[in-house]
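Me: I'd like a close look at just one part of this model, with the packing spelled out residue by residue. Please keep it chatty, but give me the cut-offs as you go.

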Amino acid sequence: MNLLHGTRFLNIPCIFSSPDNHPLLVQFNSNPYYCNYSGFQKHQGSWAEVKYYKKCTSHYKAKICNGREVDAFPDVQTLRKFPYDEIFGKVVMVRFDSNILLKKELDMKTQSVINSVSTIKYLYEAGAKVILVSSWSVKSNAEKLEVESVADFLSSALQVKVGPRKCHFESTKLKVEKEIENSEIVLLENLSEFKEELSNCSKFAKQLAKGVDIFVNDAFSQSHRILASTVGVSRFCSTCLAGFHFEEGISQLKKAIDIDRKPYIGIIGGGNFRDKTAALEVLACKCDGLIFIGNMAFQIMNALGLPARSEFVEHGAFEGALNIVEFARVNKVGIMFPKDFWCMNDYSPKQLELFPYSDIPDGWVPVDIGPNSLKEINTLLSKCRVKYSD
């Protein structure tokens, strides 16, 4: 299992024990009002220590750990409960998850794929005009991920013809080539090509939602991001629903949150720490300990004042990471992260080298946690019971 990606929530019968030398686990036992922190920056090949002084903001406990605030899960209107006969003839925009439907080897037997496909086919069979929107990476093979190729791939997966539509955003107007016909499924241009998508541009979102009667969000993995195609369009659509895949994600999340066995440990991976700060604050409130892996780990290292190469530190993530560290200190929540990584470089992409987290050479990029970290995490979680995974 590659622990650089994904999130798992688990129950374990005992809390962390302290490691030696390099701090893999930080267990906070005090409740200070002011804290001294040290940061490291690399200058001319060597690490320089930078000290700073900051007041701990214990208001997070009042703001986040208020039982009514945390446990009151928002009510979400779902496609499943929406009247079927009211879909006919409507223009429905579906924000699908490209991480699920655009996999090279699409397994039609997995629940996530079944739910994602069912959302689109359900709307199509109900007589709606379906507009599919999403974003996908073109770094690996840009030619195969042109909108025409993606439309052909989705046609095969859905067993229904999907028509590609190129679009251009100019002078606050989104121009879509060719009108959408009755009972047709169309795919719009890759939204990652538009900077307005990432910035949640209101004018772009308004144009994207123009003529849309119902918006269906089925990209659960993008819930932490504020995008024009997930958040912005909802302001301009009279009806907003959660698709079948999104609904299943909410159901699994509720199960994870409703766990009453202690201790409760969360493993957090991936990147985009800044976008996930609010969700991490809530998770920190529910958990007795947090394990950070992947790029997330370097943001926590930086906030703890440990050496972290500048290229691994996300812009704008420091304050959020520091808040999580402060919250953990105040509420005695354990923090854990890998202390060694398997790394690769551009010159020898097939050659992996093992380095401690504090001494990764320039030009090398972590691709997985190292054997020492894996052994310690496995030992720690050997008696865990997995409660939620995605």
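**The core and the helices around it**

Reply: Start with the largest nonpolar core, which has 45 residues; Phe273, Leu290, Ile291, Phe292, Ile300 and Met301 touch the most other members. A nonpolar core here is a set of buried Ala, Val, Leu, Ile, Met, Phe, Trp, Tyr and Cys residues joined through side-chain atoms within 4.5 Å, and buried means under 20% relative accessible area, with exposed over 50% and partly exposed in between (1.4 Å probe, protein chains only). Bear in mind that this is a predicted model, so local features need pLDDT of at least 70 and side-chain atom pairs count only at pLDDT 80 or more, while totals for chains, interfaces and linings use all residues. Residues are numbered from 1 along each chain as its sequence is written, and side-chain values use heavy atoms, leaving out hydrogens and water.

Skipping its neighbours within four places in sequence, Phe292 is in contact (heavy atoms within 4.5 Å) with Ile268, Phe273, Leu280, Ala297, Ile300, Ile324, Ile335, Met336, Phe337 and Pro338. There's also a second, separate core of 33 residues, with Leu79, Val130, Val147 and Ile214 among them. In soluble globular proteins, nonpolar side chains tend to be buried together.

Helices (H or I, at least four residues) and strands (E, at least two) are DSSP runs, numbered from the N terminus. α11 is largely enclosed by the rest of the structure, because 11 of its 14 residues are buried. That buried set runs Gly320, Ala321, Leu322, Asn323, Ile324, Val325, Glu326, Phe327, Ala328, Arg329 and Val330.

What packs on α11? Helix α10 (residues 295-303) does, at an angle of about 75° with the axes 8 Å apart. Axes are lines fitted to C-alpha atoms, for helices over the stretch in contact, and angles run from 0 to 180 degrees between N-to-C directions. Under 35 degrees counts as roughly parallel, over 145 as roughly antiparallel, 65 to 115 as roughly perpendicular and the rest as oblique, so α10 and α11 are roughly perpendicular. On the α10 side you'll find Gln299, Ile300, Asn302 and Ala303, meeting Phe318, Ala321, Leu322, Ile324 and Val325 of α11. By class, the α10 contact with α11 has seven nonpolar, two polar and no charged residues; Ala, Val, Leu, Ile, Met, Phe, Trp, Tyr, Cys and Pro count as nonpolar, Asp, Glu, Lys and Arg as charged, and the others, Gly among them, as polar.

α10 has another partner, helix α9 (residues 273-286), which packs on it at about 80° with the axes 12 Å apart. That makes α9 roughly perpendicular to α10. Phe273, Lys276 and Leu280 of α9 make this contact with Met296, Gln299 and Ile300 of α10, and the residues divide into four nonpolar, one polar and one charged.

Lys332 follows the helix, in the loop between α11 and β15 (334-336). Lys332 isn't a glycine, yet its phi is positive, about 60°. Most residues other than glycine have a negative phi.
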